[in-house]
Amino acid sequence: MSPPPPPAEARLAMMELANMISVPMALTAIIRLGVPSAVWAGGANAPLSAAELLPEGHPDPSVLERLLRLLASRGVFSEHGASPRRFALTAVGRTLVPGPSGASYADYVLQHHQDALVAAWPRLHEAVLDPAGPEPFARANAGVPAYAYYGKDREANEVMLRAMTGVSEPFMEALLDGYAGGFDGVATLVDVGGSSGACLEMIMRRVGTITEGINFDLPDVVAAAPPIAGVRHVGGDMFKSIPSGDAIFMKGHPEQLPQRAAGRRQGHRLRAGGAGGDRHQHQDQGPARERHLRHDHLPDAGEGALRGGVPPPRPRRRLHRIPRHLPRPILCDPRVQQVKLIQGFLCLPFLSL
């Protein structure tokens, strides 16, 4: 029996869903054309027409105007006048304008819509049919996984590093504004998955008691990281060992850990501590272990710890709370495996496709 004809609203909704790819592609186009910075013009943000944003004598400014109108409907631009239509940046659009450090969300948009990544999405159904097989990214890129691809493609890796910096800087500023004193007693801080080391640099600039920073990421990632005073770049695999320090900072999501670790051999141990440093090992305990790592099963911030059969923790410092709307990093004491949960979000979601 066939279903009854859907109402017109349902058909229109499905057409909109089917065409949603036009929004990120239009965003990518206006970034590559330099539109956000041209409109912002050092803070003027004066409404400009498509013709004013293109080289003089352009044969058809209406093509750009259609992109701007589409993005205006999504809150990226505000539209002014009718003949010609002019466009200014909204608060959302201003995230695409480089700040004092040169970082913005523009590279985050570009990174997520590089050809190699866009090509993975049509292979998503294959991951459902064959969950034990390669990730869609690898299927679409000659069997090369995402991490390995970014390690070999210098240009793509540089875009990713800029993207992570652009996303991390405003997050870290807000975190440090609301988390004053949270790093008390920490002299050596290890940033796990620290990419270029930008977050670690910001923390150390604001927290003078941290005298040494260790930026820990994959070897290919830290190889491209710039020199930073007081920061040592260390390459490795967090599922094998992590350099020792007074605290571990992870601006990511605990749910990623059991998923990434699932492919490791049974009995694999995660060691907190590098060569010559204090180490504490714990056994991966399958589903029970996963329950402890998931943020929705962890105690509230400052109220509990991740035990895993380790000795009782030292008396805990009071965890300074930060606004609830911020993403969730975790601050972990590697010597007692205590995880202090603040807030959380998923970095680089494409890697878990």
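Trainee: In what sense do S1 and S3 pair, and over how many bridges?

Mentor: Strands S1 and S3 pair in the antiparallel sense, over two bridges. Two strands count as paired if DSSP finds at least two bridges between them, so S1 and S3, with two bridges, meet the requirement. The model is a predicted one, in which local features need pLDDT of at least 70 and side-chain atom pairs count only at pLDDT 80 or more, while totals for chains, interfaces and linings use all residues. Residues are numbered from 1 along each chain as its sequence is written, and side-chain values use heavy atoms, with hydrogens and water left out.

Trainee: Which residues stand opposite one another in these strands?

Mentor: Leu48 has Phe87 in S3 as its bridge partner, and Ser49 stands opposite Arg86 in S3.

Trainee: What makes S1 and S2 edge strands?

Mentor: The open sheet has three strands in the order S1-S3-S2, with antiparallel pairing. Strand S1 (48–49) and strand S2 (77–80) each have a single partner strand, so one side of each is left without a neighbour in the sheet. Helix H5 packs on the sheet and touches S2 and S3, and its direction makes about 115° with that of S2. That angle is taken between N-to-C directions, on a scale from 0 to 180 degrees, using lines fitted to C-alpha atoms (for helices, over the stretch in contact).

Trainee: Why is the set of 24 residues called a nonpolar core?

Mentor: The name applies to buried Ala, Val, Leu, Ile, Met, Phe, Trp, Tyr and Cys residues joined through side-chain atoms within 4.5 Å. The largest such core has 24 residues, and Ile30, Val35, Leu64, Leu68, Leu71, Phe77 and Leu96 have the most contacts inside it. Among the elements that give two or more residues to this core are helix H2 (22–32), helix H5 (62–72) and strand S3 (86–89). H2 gives the most, with five residues. In soluble globular proteins, nonpolar side chains tend to be buried together.

Trainee: With which residues is Leu68 in contact?

Mentor: Contact means heavy atoms within 4.5 Å. Leaving aside neighbours within four places in sequence, Leu68 is in contact with Ile30, Val35, Ala50, Leu53, Phe77 and Phe87. A second, separate core of 19 residues includes Phe171, Leu175, Leu189 and Leu200.

Trainee: What are the buried residues of H2, and against which elements do they pack?

Mentor: Val23, Ala26, Leu27, Thr28, Ile30 and Ile31 are the buried residues of H2, and they pack against H3, H5, S2 and H6. Gly34 follows H2 and has a positive phi, near 75°.

Trainee: Why is the link between Glu16 and Arg74 called a salt bridge?

Mentor: A salt bridge is a side-chain nitrogen of Lys or Arg within 4 Å of a carboxyl oxygen of Asp or Glu. The closest N and O atoms of Glu16 and Arg74 are 3.0 Å apart, so the pair qualifies. Glu16 lies in helix H1 and Arg74 in the loop between H5 and S2, 58 residues apart. The whole structure has 13 salt bridges.

Trainee: How far apart are the closest N and O atoms of Glu212 and Arg232?

Mentor: They are 3.4 Å apart, and the two residues form a salt bridge. Glu212 is in strand S5 and Arg232 in strand S6, 20 residues apart. Elsewhere, salt bridges that share partners join Glu65, Arg69, Glu79 and Arg85 into one network.

Definitions and conventions
Buried means under 20% relative accessible area, exposed over 50%, partly exposed in between (1.4 Å probe, protein chains only). Helices (H or I, at least four residues) and strands (E, at least two) are DSSP runs, numbered from the N terminus.
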